[in-house]
Amino acid sequence: MRNTAPRLRLAGALAAALMLGGIATGPTAQADERHGKEPTLADLAQRHGRYFGSATDNPELVDEPYKALLGSEFDQITPGNGMKWYATEPQQGVFDFSQGDEIVNLARANRQKVRGHTLVWHSQLPGWLTEREWTAPELRAVLKKHVQAEVRHYRGKVFAWDVVNEAFNEDGTYRESVFYKTLGPGYIADALRWAHQADPRVKLYLNDYNIEAIGPKSDAYYKLAKELKAKGVPLHGIGLQAHLALQYGYPTTLEDNLRRFSRLGLDTSLTEVDIRMQLPATEEKLAQQAEWYRDLTEACLAVRRCVGITLWDYTDKYSWIPAFFPGEGAALPWDEQLAPKPAYFALREALGGR
């Protein structure tokens, strides 16, 4: 990687000044700056024909400073949980879209676009689906009804769907989900077809983690995508979640990986970006994190069909990492007080800002 130490030191010094009170901090100061002249991350990304977004979740929306920054810095939102199966069909055939609707309405008020997440996943399923045995015809009917009911509800309100999420194991074999075990691998093509029938204009993605680098898992997606495209199945993109961790190394083949999916005629996007570290956070770790945020942004910008980047929420205040990876955290470009970290300034630099 290129030598970025001087830029990182400058970003770190500016962030430190902000956090220590040398300059006014927090969303109010940032909003003042933006309304003056400074472009947002979304503004900068739009200059490259990309979007720059954040995930969010319904319980966070009572936090007004958080919501203000969410609405002003980004041009795209992903509901973290409100569109998942357990939330949208808590009882068989009984649909509840209220959580997703709240976020869609917020996005509309802020002129942001929404990425739908997710229609088919092995996790966060309602008990009625997981606590009984299904025949293949029964489960196929249940899956079709769920996919089409949700896609129809949000027709014209979301620009893309993560149709199938996390379908493969690390070695490239199919994950033994209830859908795979009962229906076989064909459930993926079926879900894509059903979603397309319900909304012919929405972009349809497969989405997963640990597929940023070229390897067995991303190879499995490449092979599947090639097969689906050859059969005329409506697949438009691959979502690379990009949940990274400093201790495991940067995926240096990211740009090459994005390019090979582009050659299949597919869009790509970095859909759930965060870069965690083993705590405590140090100046050195924050500098390395900033470099990684810069590198992955530049990789996306280098590939025409990488259409955008979404942080998996933008602030450490609402990060999922500490609850799932004890002793790890500090994964996002804003800290728990909504103050920008070195990663934020690295993102600006990568997007051509200052």
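**View 1. One disulfide is counted in this predicted model.** A disulfide here is a pair of cysteine sulfur atoms within 2.5 Å. Cys300 and Cys306 form it, with their sulfur atoms 2.1 Å apart. The torsion about their S-S bond is about -100°, so the disulfide is left-handed. Cys300 is buried at a relative accessible area of 1%, and Cys306 is buried at 0%. Buried means under 20% relative accessible area, exposed over 50%, and partly exposed in between (1.4 Å probe, protein chains only).

**View 2. The largest nonpolar core has 93 residues.** Such a core is a set of buried Ala, Val, Leu, Ile, Met, Phe, Trp, Tyr and Cys residues joined through side-chain atoms within 4.5 Å. Trp161 and Leu206 have the most contacts inside it. Helix H10 (residues 186-198) gives the largest share of this core, 8 residues. Helices (H or I, at least four residues) are DSSP runs, numbered from the N terminus.

**View 3. Trp161 and its contacts.** Contact means heavy atoms within 4.5 Å. Neighbours within four places in sequence are left aside. Trp161 then touches Met83, Gly116, His117, Leu119, Glu150, Val151, Tyr154, Val202, Lys203, Leu204 and Tyr205.

**View 4. Helix H15 (residues 342-350) is mostly covered.** Of its 9 residues, 8 are buried. Among them are Tyr344, Phe345, Leu347 and Arg348. Gly352 follows H15, with a positive phi near 95°.

**Notes.** Residues are numbered from 1 along each chain as its sequence is written, and side-chain values use heavy atoms, without hydrogens and water. In this predicted model, local features need pLDDT of at least 70 and side-chain atom pairs count only at pLDDT 80 or more, while totals for chains, interfaces and linings use all residues.

Terms used:
Helix = DSSP H or I, 4+ residues; strand = E, 2+ residues; numbered from the N terminus.
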